[in-house]
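Here are some notes for a colleague who is opening this model for the first time. Please read them with the structure in view.

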Amino acid sequence: MAVVFKKTEMLTDTPLHYCPGCTHGIAHRLVAEAIEELGLKGRVVGIAPVGCAVFAYKYFNCDMQEAAHGRAPAVATGIKLTNPDNIVFAYQGDGDLASIGMAEIVHAAARGMNITVIFINNAIYGMTGGQMAPTTLLGQKATTCPAGRDAKLNGNPIRMSEMLATLDGPSYIARCSLADVPNIRKAKKAILQAFKNQMEGKGFSFVELLSTCPTNWHMSPVKALDFVKNEMTAQYPLGVFKEVE
Amino acid sequence: MAERKLMKGNEAIAEAAIRGGCRFYAGYPITPQNEIPEYMSWRLPQVGGHFIQAESEIAAINMVYGSAGAGGRAMTSSSSPGVSLKQEGISYICGAELPCVIINMVRSGPGLGGIQPAQGDYFQAVKGGGHGDYRMLVYGPCSVQECVDLVYNAFDKAEKYRLPVMILGDGMLGQIMEAVTLPEMKDPATFPKKPWATTGEGFGKTRRIVNSLYIVPDELEDMNHKLQKVYDDMCENETVFEEYLTEDAELIITAYGTVARIAKSAVDLLRAQGVKAGLFRPVTLYPFPKDALDKLAAQSSVKEFIAVELSMGQYVEDVKLVVEGRKPVKFFNRTGGNVMSPEDIVEFAKKEA
């Protein structure tokens, strides 16, 4: 029989621990495929965050470091400057990157650190059970804003891609969605571009992926995809926010 | 080539680290250790290394984590409030079994405290200031030359045991200028290989994972025991101390770091006045030189001890733990950035001892 689809060898055979309908699996696959397609096997180091992707070091088939909560860009900085020929990527969620790790991501971007950051924005703390994230939408319910996020009480959601695009350091910043196949294809292209920029020494590259969390959103996987397409994309418009030639 | 130079403590530490193989430094400005990052910023690029002024103390220690995990000889430095901020990172570094060097030029506290010399971070350094069970190799040098000698070999020790080595200095040691002999540059080609480091070649069974997460209790318990074996091994082999005029001593003054130099002068003054005083100075604060102090506690000539420190009674606790009530242990201190003189110690000894 002809093989029409094969798992990339840059993912291990370890079964993913993610919930049904969660898009982390898609994001992992896209990143791993990009690493394979760009021929980076043998020179790539990944950094796992604290959050749902804390076990990412079990899944990416390359050298990996597990970072403290929010510190992945700092860890990536240490790795990249020690072995500059390595391709270094950090994989972070919204609590990790946009809350506790805000200083690290902003300064890695401002330095123009030649690393690639994949940012999973699902607007919730998944691993700890559904608390409000810095990217939780206004009106969206979470266990720490049970009546829905109220700007007066809980502050406003943060648009990371737009914010980082104001800096001079980054070479590439894009926001994509994992809600349907056409968008997943676009996300793959963005991830490839981000890694290419690092390979060419252009500096900091960043891809934000709008993702689902059916478990903590209390939605079916299909409804969760609709939530990304409608609500999340309205708050977080898709597109390329910075691209240095 | 070894060379003789007049150097400030902080700068001597930076140069000794580089000669000992340091090629990555991340730090954040804080008094009284700013000469270390300043020196590193121009000196490291000369030897093909990397200096980075981190956005925070927290980022700095995590950059060190990344570099050390990638096989680099990485260092950070700070002073008390900054070292408090690094504690989470230090715990992760210990959990992930990474070698690195951390300098703490201690200032007075608590809180923002002051910028003058103090020893109030003793408990934090030797008992573990971060979360979980871990230890570091902690040195308390008393002179600029001793800083150089200890820092020069600190990476070798860190890599031997795969743990952080901390230099617990103080503001005085950082700012004082003394003549030092600088050892020759170590050749990185002679450094031990690190098969565990994430250098990018890993794939499949050869993957290297730098990690401190053990979600299964039995696995973490095994890890705790594995680490403890390393710490026991370190205690067995790395304990360093100095004794001065203790053979016939009736009074043992004990102190570490720069305070021990002041105490040494006090011993000389007391001897000149006919008091049989001696000095016991730990060079390693962890491991604490228990056996040597135990012998002094058992020595028949010794009638009592005075523990001298620039904190409110931290070091004295370890002294008492070893002496175990066999001889009286008196306590003399200054804090807040104040430093006692040799005469102050003599006066205390004559009045209280």
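1. Helix α5 (residues 87-95) of chain B is followed by B:Glu97, whose phi is positive, near 55°; helices (H or I, at least four residues) and strands (E, at least two) are DSSP runs numbered from the N terminus. The model is a predicted one, in which local features need pLDDT of at least 70 and side-chain atom pairs count only at pLDDT 80 or more, while totals for chains, interfaces and linings use all residues. Residues are numbered from 1 along each chain as its sequence is written, and chains are lettered from A and ligands numbered from 1 in the order in which they are written.

2. Seven of the nine residues of α5(B) are buried, so this helix is largely enclosed by the rest of the structure; buried means that 20 or more other C-beta atoms, placed from the backbone, lie within 10 Å of the residue's own. The buried residues are B:Gly89, B:Ile90, B:Ser91, B:Tyr92, B:Ile93, B:Cys94 and B:Gly95, and their cover includes α3 (57-69), β5 (100-106) and β7 (164-170) of chain B.

3. Elsewhere in chain B, five strands make an open sheet of mixed pairing, in the order β10-β12-β11-β14-β15, where two strands pair if DSSP finds at least two bridges between them. Because β10 (241-244) and β15 (329-333) each have a single partner strand, they stand at the edges with one side left without a neighbour in the sheet.

4. Strand β14 (residues 304-309) of chain B runs parallel to β15(B) and is joined to it by five bridges, with B:Glu309 having B:Asn333 as its bridge partner in β15(B).

Terms used
A residue is buried if 20 or more other C-beta atoms lie within 10 Å of its own, exposed if 12 or fewer, and partly exposed in between; C-beta atoms are placed from the backbone. Two residues are in contact if their C-beta atoms, placed from the backbone, lie within 7 Å.
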